[in-house]
Amino acid sequence: MNIHFIVVGQKMPGWVQTGYAEYAKRLPKACTLKLVELPMATRGKSGSVAQYKSEEAKRILAAVPKGAKLVVLDEKGQELTTVQFSQKLDDWLGSGQDVALIVGGPDGLDASLIQQAEWKWGLSKLTLPHPLVRVMVAEQIYRAWSVLQNHPYHRD
């Protein structure tokens, strides 16, 4: 199974690339995490947030592989414990279906994209910076996988 981690935003600081890569490389081929960076909509004086989100939604949907399960990170999404998330990952692995895990741009995701999602994942009630979200998601996927493998990385 591949998890296509589709994010709006490019040119992250080195620490983000290093942190993300550290956890992504720990995952086995059976649970590969692939980062897909998309450019933000060009912001201008005459544009609106709705226009930006709509443009970004089109780019995101074009990047989602055919047949992939659509999952969005959303501030109103379901918050899970690590063990609960590992069960979600286990379900994904068992389905054999790729997952497209989506993070929107600075204005969030277009409502139409959120409605299409099979699951909405909320990392925290806190507002988190997009660079940190990349590292956190990669780490949580690795942690969930380690729980499934009874690996000592995660301790209760």
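**Close-up views of the predicted model**

**View 1. In the packing of helix α3 against α5, Thr82, Phe85, Ser86, Leu89, Asp90 and Leu93 of α3 meet Gln140, Ile141, Arg143, Ala144, Trp145, Val147 and Leu148 of α5.** Contact means heavy atoms within 4.5 Å. By class, eight nonpolar, three polar and two charged residues make up the contact of α3 with α5 (Ala, Val, Leu, Ile, Met, Phe, Trp, Tyr, Cys and Pro count as nonpolar, Asp, Glu, Lys and Arg as charged, and the others, Gly among them, as polar). The model is predicted, so that local features need pLDDT of at least 70 and side-chain atom pairs count only at pLDDT 80 or more, whereas totals for chains, interfaces and linings use all residues. Residues are numbered from 1 along each chain as its sequence is written, and side-chain values use heavy atoms, with hydrogens and water left out. Helices (H or I, at least four residues) and strands (E, at least two) are DSSP runs numbered from the N terminus. The axes of α3 (residues 82-95) and α5 come within 8 Å and cross at roughly 80 degrees. Axes are lines fitted to C-alpha atoms, for helices over the stretch in contact, with angles from 0 to 180 degrees between N-to-C directions. Helices α3 and α5 are therefore roughly perpendicular to each other (65 to 115 degrees; under 35 counts as roughly parallel, over 145 as roughly antiparallel and the rest as oblique).

**View 2. Helices α1 and α5 are roughly parallel to each other.** The axes of α1 (residues 14-26) and α5 (residues 130-148) cross at roughly 15 degrees and come within 8 Å. The crossing in which α1 passes α5 is left-handed, a term for a near helix turned anticlockwise from the far one by less than a right angle, clockwise being right-handed. From α1, Trp15, Val16, Gly19, Tyr20, Tyr23 and Arg26 meet Pro131, Leu132, Arg134, Val135, Ala138, Glu139 and Tyr142 of α5. By class, the contact of α1 with α5 comprises nine nonpolar, one polar and three charged residues. Glu139, placed in α5, is buried at a relative accessible area of 12% (buried means under 20% relative accessible area, exposed over 50% and partly exposed in between, with a 1.4 Å probe and protein chains only). Leaving aside neighbours within four places in sequence, Glu139 is in contact with Tyr23 and Tyr153.

**View 3. Five strands form an open sheet with the order β2-β1-β4-β3-β5 and parallel pairing.** Strands β2 (32-38) and β5 (119-121) stand at the edges with a single partner strand each, so one side of each lacks a neighbour in the sheet. On average, neighbouring strands are turned by 30 degrees against each other, direction ignored. Two strands pair if DSSP finds at least two bridges between them. Strand β1 (residues 2-8) is mostly covered, with six of its seven residues buried. Seven bridges join β1 to β2, and these strands run parallel; Phe5 stands opposite Leu35 in β2. Strand β3 (residues 69-78) is joined to β5 by four bridges, also in parallel, and Val71 stands opposite Trp119 in β5.

**View 4. Glu118 occupies the loop between α4 (111-116) and β5.** With a relative accessibility of 52%, Glu118 counts as exposed. Not counting residues up to four places away in sequence, Glu118 touches Lys69, Leu70 and Gln97. Glu118 and Leu128 are 10 residues apart in sequence, and their C-alpha atoms are 23 Å apart in space.

**View 5. Gly104 lies in the loop between β4 (99-103) and α4.** The relative accessible area of Gly104 is 5%, and the residue is buried. Residues touched by Gly104, not counting those up to four places away in sequence, are Val8, Leu109 and His130. The C-alpha atoms of Gly104 and Val72 are separated by 8.3 Å, the two residues being 32 apart along the chain.

**View 6. Lys11 has phi near 60 degrees, a positive value in a residue other than glycine.** Lys11 is found in the loop between β1 and α1 and counts as exposed at 80% relative accessibility.

**View 7. Asn150, a residue other than glycine, has a positive phi near 55 degrees.** Asn150 lies in the segment after α5 and is exposed, with a relative accessible area of 69%.
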